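Colleague: Could you take me through this one slowly, starting with its pocket?

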Amino acid sequence: MALAPTQTSNICVLHDGAAGNRRQALALAQALSGPVDELELEADWLARLLAPRMLLNPGQSLGPAFGERLKHPPALAIGCGRIAALATRLLRQAGSRSVQILDPRIDPRHWDLVITPEHDQLRGDNVISLVGSLHPVDDDWLARARGDFPALADLPAPRTAVLLGGPTSAVRFDRSAFEVLMSKLEFWLARDGGSVLLCGSRRTPPAIADVARERCTEMPGLFWLDDGDGANFYPGALGWADRIIVSPDSVNMISEACATRAPVFVAEPDRATGRVRRFIAGLEQRGRIHAQTRAPGQWVAVQPLRELPRIADAVCQRLRR
């Protein structure tokens, strides 16, 4: 899905370094089939406080590398997150086309396009809504992941991937919630056999990570909770999973799990509130996810949830107008 030739000469991806923001912006840029220039913004305290609202010296507030981009604006600027929203807004004023991912929290008219998850409930003529988040997970991505982590195939089936986040302001996923997840998982293993592929994240609290290590040493399988555990096999866990359990705090992890062909179970979904709970409820209504229960129930064929091709096509069509 390529933009018009005059628009593919330079796509600049901007983010604040957060893994989820970087992943979404890069996924869209790469789907648009243009040369990609990536920039992690160096925002000062004022930019972090006020972005995406305008600042007195906005170019300087986002770092010298961004200042150079303002002097030579790219054909297309793609940003994700609030800090990047200021950058894409400024680049649009300098002559770039701008696409902002996630709700910028101010009027979307400051960008050419704004892409937001439907559970944010943002509407507008230049707003494109999607289910969940953008990511690169598709059949080719999963095949590469299996090739990168072939040893996971030797673990006994069914292989249960566990994607573990942590508590947020919207989701109270604490140690007690983790203990409930693990007790149900132990029942699954006792009933069905198999193995566990547990992957933590940057948000997993050390106290939960320590308990997870202790519990996982008693189970067949592998775990990754920080760099001390070796290579993060998260892509391989998605690629080789026969079923997936996800904590309810991460829209990104749930979206990527749902892009596989494995059944997805969310642990303790009622602990989520607000926008995240609306997202989970929407997937439950579609039948793509289920709450983790003591027994996983009958497995049925699932339709992978993959929004990137549709969104990339919509961006191309809108920017050609």
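**Pocket and cysteines**

Colleague: Which element gives the most to the lining of the largest pocket?

Modeller: That is α1, which gives 9 residues to the lining; a helix here is a DSSP run of H or I with at least four residues. This is a predicted model, in which local features need pLDDT of at least 70 and side-chain atom pairs pLDDT 80 or more, while totals for chains, interfaces and linings use all residues. Residues are numbered from 1 along each chain, and side-chain values use heavy atoms, without hydrogens or water.

Colleague: What volume does the largest pocket have?

Modeller: The volume of the largest pocket is about 1,400 Å³. Of its 42 lining residues, Ala19, Gly20, Arg203, Ser250 and Asn252 are the closest to the centre. The elements that give two or more residues to this lining are α1 (19-31), α10 (251-258) and α11 (274-286). A pocket is an open set of points on a 1 Å grid where a 1.4 Å probe fits, with protein on both sides within 12 Å along at least five of seven lines, and lining residues have an atom within 4 Å of a point.

Colleague: New topic: how many disulfides are there?

Modeller: The count comes to 0 disulfides, taking one as a pair of cysteine sulfur atoms within 2.5 Å. For cysteine 80, the nearest cysteine sulfur belongs to cysteine 12 and is 14 Å away.

Colleague: Is cysteine 216 buried or exposed?

Modeller: Cysteine 216 has 7% relative accessibility, so it counts as buried (under 20%, with a 1.4 Å probe and protein chains only). Cysteine 80 is buried too, at 0%. In helix α8 (residues 206-216), the buried residues include Ile208, Val211 and Cys216.

Technical notes:
Buried < 20%, exposed > 50% of the residue type's maximum accessible area, 1.4 Å probe, protein only. Points joined across faces, edges and corners; volume = space filled by probe spheres on them.
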